[in-house]
Amino acid sequence: RQLPNTVSMEEETPPLLWTHVNSTEHLNLSHQHNATSYQSYVIGLFLSCVYTVLLFPIGFIGNILILVVNLNHREKMTIPDLYFVNLAIADLILVADSLIEVFNLNEKYYDYAVLCTFMSLFLQVNMYSSIFFLTWMSFDRYIALASSVGSSPLRTMQHAKLSCGLIWMASILATLLPFTIVQTQHRGELHFCFANVLEIQWLEVTIGFLVPFSIIGLCYSLIVRILMRAQKHRGLWPRRQKALRMIVVVVLVFFICWLPENVFISIQLLQGTADPSRRTATTLWHHYPLTGHIVNLAAFSNSCLNPIIYSFLGETFRDKLRLFVK
């Protein structure tokens, strides 16, 4: 008569053992996750310190120096110099913002909607203005080389100043217009962050990267044709080729620095497109914080490298710097 009770106890024992095994595995996975998170945090902190000690001073002081030196010698400012001055302003904005972002190692800043939105707006304005200026500078180089003798009537300092104003307006509008629309749609949401909207991220990748670099690629393909035809008249091009070389290097550095972040964002966007349920899930920056941190540092590094490129390849800037120091 007691046999059924014995059987029932044996039937009840495996679930208890299974629960114990599950809890043990869960603890092991939790310990592994904590160890991995700690390792990622230490690596991220080390990279942030390297950026802050080595690149941040170059970017901050270098961009200020570009502005001071060029504005101090306005009478010697060329059209490419004017574009580089505006590029330095955009870079300075990002470098200042980066000092907050580089130590956002555990992504806690994104839990504060105001801070997240504020940093995203500054990042977008800088990104759009930088790529728009580089696109226009590439087009300007094409116009300069396409004019066979003398300067093109389109390439005057007045037109260049007007172009700079329009580029800044376009950059601010490309940021604030979508921001206003999105904020209206998500009014009342306490933890809403402008940076996490997929439509905004699509806009960043297309308008802020793919379309401009398609235009830049077209400009340089036309420039290569012109230079190949102009080989018989090399004497006409030395100064313009120096300016062209500097702009090409700046464009390549921008592409290399911003490509990882745009690839990272694109993967997230493609995941959201393939699986609509993931559109409201946590972002890749939460799943892969170290990778997200590295691509952010790569993007910020672009604004720190531009002053170095401008100093080494900009002969007119070096001359003005010598006069400024004296």
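Tyr128 and Phe132 are both buried (under 20% relative accessible area, with exposed over 50% and partly exposed in between; 1.4 Å probe, protein chains only). The model is predicted: local features need pLDDT of at least 70, side-chain atom pairs count only at pLDDT 80 or more, and totals for chains, interfaces and linings use all residues. Residues are numbered from 1 along each chain as its sequence is written, and side-chain values use heavy atoms, leaving out hydrogens and water.

Tyr128 and Phe132 form a stacked pair, at 5.8 Å centre to centre and 20° between the planes. The two residues are about one helical turn apart, because they lie 4 residues apart in helix 3 (residues 113-146). Helices are DSSP runs (H or I, at least four residues), numbered from the N terminus.

The ring centres of Phe133 and Trp168 are 5.8 Å apart and the planes meet at 65°, so this pair is edge-to-face. It links distant parts of the chain: Phe133 lies in helix 3 and Trp168 in helix 4 (residues 157-185), 35 residues apart. Phe133 is buried at 0% relative accessibility. Trp168 is buried at 17%. Elsewhere, Phe209, Phe213, Phe254, Phe255 and Trp258 form one aromatic cluster.

Mean pLDDT (the predictor's confidence in each residue, from 0 to 100) is 78 for the chain, and 72% of residues reach 70 or more. Confidence is highest in helix 4, at a mean of 90, and lowest in helix 7 (residues 284-287), at 66.

Methods. Phe/Tyr/Trp six-rings, centres within 6.5 Å; stacked < 30°, edge-to-face > 60°.
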